[in-house]
Amino acid sequence: MSRWFKAATELVLIRNSAELLVKLIEVTRKELALDSVYVLKASQDGRSFECCHNEKKLTWSVFDFNHPFSHVIRSDSSMTLQHSELLYWQENSEFNQLIGTIDILKKVTIIPMFAENKQLQTILVLHSGIDQMDSIETHQEFLNTLSVCANHFQLLHEIEMKKCSSKQLFQSLVEVEEGNKKNHMANGLANTLIGNSDVMKKLRQQVVSAAASHLSVMIQGDTGTGKELVSRAVHDLSTHSKAEFVAINCAAIPEHLLESELFGYIKGAFSGADKDKKGLLADANGGTLFLDEIGDMPIALQAKLLRVLESQKYRPLGAEKELSSNFRLVVATHVNLKEHVSNGKFRKDLYYRIYQYPIILPKLSDRIEDVELLSRYFINNYNTEHKYTVRGLHHKALDYLMSYQFPGNVRELKHLIEYGCTQTEDGEQVIFSHIIDRLDKNVGSEGIAVLEIGIGSKIISDLKGAVKEYETNIITSRLREFDGDRAKTAESLGIPKRTLADKCLKLEIVIND
């Protein structure tokens, strides 16, 4: 059996294109006793060729004619370069790096390896002595072996490309499925984290992403923005959801009791400890520990918490033996913890340990378009809880709320709506007069500022103009309250209907019957 026939047989048994090229290099170098053998492989887009088996990443564009490979590709024929010709191509740095030192007794042969479909996927580069073979290009058995190898490489390449495409398609489908799953989960949160504003949609996506991670979550937001709701959502969507969600407000518990609440204690640990008590760290094992207002945690206790987070070990008060607790940590604060770190009120190392996945909750004033949806939600809850039928919020009341700043955020709106519902008859709507007493007039709406503060908040330089503006504001506001009903508006202002009409004409106030 011819050694080249045997080599071809070994090559076609290989089922990986990269291994095939390695074997081709090995066989060619051994059988032809060459100094070096390289294979150039076409890129996926066919715009360049790169050396597959070289320490350096060398690439040549097929459109660049400053190297010999482009000429071989264009001519579809082999090329042998003697010493003088090699010197000509030395300006191409990549070619020079591939060939190395140019010896007068050496030559380079470049052979394009065409498959039966005339596709060119590989180029063979042979570096040999000028006396080793008069013309490698005419060595028929060797060329036949190259042809077999080229066809086999093309077949393996197509199979691998199909597998790669299938894998990419599968991965794309997985990513789409994951995206749909996340969107579905985020949409599911719309019943808890209520709002159609862009910031709320983004928040729900963040909660889903945070829940899927294993990072500590820091929720930052003003009082009343719903920090505990977000923390529970993170827990419910996480892998810890089957275990306990344990919450504690660090600001609501005296400093000397907070440690025993978290770590627990054994009987006799201190005066009044008449029995063992599990701490919240034990309760949270496998689940989620939510530390609200962590900025108020004492410095000494911060150090102990950091150790728990690093080691998952803790010691109950008075105990000699350490216990383990593996929990997901979620913290919340309404203060600027960075400032607390700068002021020495919060440990820097603990800050960076818990600041792994920050979530910032928007103020209600930054998503004022959600007020109507939230109001409807709170009214429905009130009706369900009290078996009542408040028909909703009057549009005039809604107008005022839409211009209110809500210093207490969603919590303030909730209490405001509940208060309004208690003032409303069954089957009626909540009107503005039902809620005005509960509004903070120092930060109230524009409408309230006009009615309550009026011209007193301005520096008056034109008394006549100020009185006219004040009268216009009062009449306009009262007309809105009574849906343009002139008779009711006039009665509420204690003036005849004709007088009201005259004033509207004089002040250029447009009213509708």
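The axes of H7 (residues 198-212) and H8 (residues 227-236) cross at roughly 45° and come within 8 Å. I take axes as lines fitted to C-alpha atoms, for helices over the stretch in contact, with angles from 0 to 180 degrees between N-to-C directions. The crossing of H7 past H8 is right-handed (the near helix is turned clockwise from the far one by less than a right angle). On H7 the contact (heavy atoms within 4.5 Å) uses Leu203, Val207 and Ala211, and on H8 Val230, Ala233 and Val234. I sorted these contact residues: 6 are nonpolar, none polar and none charged (Ala, Val, Leu, Ile, Met, Phe, Trp, Tyr, Cys and Pro count as nonpolar, Asp, Glu, Lys and Arg as charged, the others, Gly among them, as polar).

The model is predicted: local features need pLDDT of at least 70, side-chain atom pairs pLDDT 80 or more, while totals for chains, interfaces and linings use all residues. Numbering starts from 1 along each chain as its sequence is written, and side-chain values use heavy atoms, without hydrogens and water.

Next I looked up the sheet. It is open, with 5 strands in the order E8-E11-E14-E7-E15 and parallel pairing. Helices (H or I, at least four residues) and strands (E, at least two) are DSSP runs, numbered from the N terminus; two strands pair if DSSP finds at least two bridges between them. E8 (245-249) and E15 (357-360) are the edge strands, each with a single partner, so one side of each has no neighbour in the sheet. Neighbouring strands are turned by 15° against each other on average, direction ignored.

I then checked E7 (residues 217-220): 4 bridges join this strand to E15, and the two run parallel. Met218 stands opposite Pro358 in E15.
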